[in-house]
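The following report describes the fold of a single chain and a selection of its local features.

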Amino acid sequence: MTRRLIVAITGASGAVYGVRLLQVLRTVPDVETHLMVTPAGWMNVEQELAMPKREVEALAHVVHAVRDVGATVASGSFATEGMVVAPCSMRTLAAVAHGLSDNLVARAADVVLKERRRLVLMVRETPLNLAHLRNMVAVTEMGGVVFPPVPAFYNRPASVDALVDHTVGRVLDLVGVQQALSPAWPGLRAAGLADVASD
């Protein structure tokens with residue numbers, strides 16, 4: 001049975017997270033991806049990855065125009081596993097937090113929340129002001145998952161790609177997709193670090 005997952009790329013730094021997520025999901029046989037990218041999202045894809053639009057769109061099974069609020073994903077009757085916004089701009093976070101369905105990204109996120117499905121927002125900004133923090137609280141209270149792409153170093157990553165893969169793997173775990181990018185932490189003893197844990 002095919003599982004549908006919505007992926008959105010918005011205008012925050014970190015377009016690589018959305019693209020890498022699409023690349024990995026393309027290899028999962030039972031997952032159908034529905035992609036939407038905001039205009040600022042496309043600007044970041046070009047600036048950060050120098051990747052042609054057609055190559056990004058080819059990674060998804062279905063591509064929706066961000067202004068097409070009549071698309072399938074705008075309706076709760078269209079069953080999905082959930083949605084990942086990678087990365088999520090503060091503007092998109094605010095729209096979700098306040099229920100402003102003024103484009104397809106915000107509308108699809110609103111649908112995911114009202115249908116009690118999994119919404120993961122990879123919010124990207126620093127430092128955070130009070131509006132950002134309050135919007136994160138609002139989304140969390142509505143059942144969404146606020147997931148800033150904060151790199152982990154306990155696994156001793158050797159490259160930027162390894163950092164990205166670890167984060168993408170964690171996101172895949174959250175939406176119920178099996179992955180091998182970020183293996184479960186075996187514990188300090190198994191990692192040979194038990195001695196450093198003593199206080």
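Gly-11 counts as partly exposed because its relative accessibility is 34%; here buried means under 20% relative accessible area, exposed means over 50%, and partly exposed lies in between, with a 1.4 Å probe and protein chains only. Gly-11 belongs to the loop between β1 and α1. Leaving aside residues up to four places away in sequence, Gly-11 touches Thr-38, Ala-40, Gly-41, Asn-44 and Ser-89, where a contact means heavy atoms within 4.5 Å. The C-alpha atoms of Gly-11 and Gln-47 are separated by 11 Å, and the two residues lie 36 residues apart along the chain.

The model is predicted, so local features need pLDDT of at least 70 and side-chain atom pairs count only at pLDDT 80 or more, while totals for chains, interfaces and linings use all residues. Residues are numbered from 1 along each chain as its sequence is written, and side-chain values use heavy atoms, with hydrogens and water left out.

**Overall architecture**

The chain has seven helices and six strands. These elements are DSSP runs numbered from the N terminus, helices being H or I of at least four residues and strands E of at least two. Along the sequence they follow the pattern β-α-β-α-α-β-β-α-α-β-α-β-α. The C-alpha trace spans about 55 × 40 × 35 Å along its principal axes. A compact globule of 199 residues would have a radius of gyration near 16 Å, and the chain, with 17 Å, agrees with this; the radius is taken over C-alpha atoms, and the globule rule is 2.2 Å times the number of residues to the power 0.38. Of the 199 residues, 46% count as buried. Among contacts with a separation of 6 or more, 76% come from residues 24 or more positions apart.

**The sheet and its helices**

Six strands form an open, parallel sheet in the order β3-β2-β1-β4-β5-β6. Strands β3 (62–63) and β6 (145–146) stand at the edges with a single partner strand each, so one side of each has no neighbour in the sheet. Two strands are taken as paired if DSSP finds at least two bridges between them.

| Strand pair | Sense and bridges | Facing residues |
|---|---|---|
| β1 and β4 | parallel, four bridges | Val-7 and Val-84 |

Strand β4 is largely enclosed by the rest of the structure, because seven of its seven residues are buried. Gly-82, Val-84, Ala-86 and Cys-88 point one way from β4, whereas Met-83, Val-85 and Pro-87 point the other way. Helix α5 (residues 104–114) is also largely enclosed, since eight of its 11 residues are buried. These buried residues are Leu-104, Val-105, Ala-106, Ala-108, Ala-109, Val-111, Val-112 and Leu-113. Their cover includes β1, β2, β4, α4 (90–97) and β5.

**Backbone features**

Most residues other than glycine have a negative phi, and most peptide bonds are trans. A cis peptide bond joins Ala-86 and Pro-87, with omega about -5°, and Pro-87 lies in strand β4. The bond from Thr-126 to Pro-127 is cis with omega near -10°, and Pro-127 is in the loop between β5 and α6 (130–141).

Ala-50, although not a glycine, has a positive phi of about 50°. Ala-50 is placed in the loop between α2 (39–49) and α3 (53–58) and counts as exposed at 65% relative accessibility. Arg-156, likewise not a glycine, has a positive phi of about 55°. Arg-156 lies in the loop between β6 and α7 and is exposed at 63% relative accessibility.

**Aromatic side chains**

Tyr-154 and Trp-185 form an edge-to-face aromatic pair, 5.1 Å centre to centre with 70° between the planes. Rings of Phe, Tyr and Trp (its six-membered ring) pair if their centres lie within 6.5 Å; planes under 30 degrees apart count as stacked, over 60 as edge-to-face and the rest as tilted. The partners are 31 residues apart, Tyr-154 in the loop between β6 and α7 (160–174) and Trp-185 in the segment after α7. Tyr-154 is partly exposed at 43%, as is Trp-185 at 41%.
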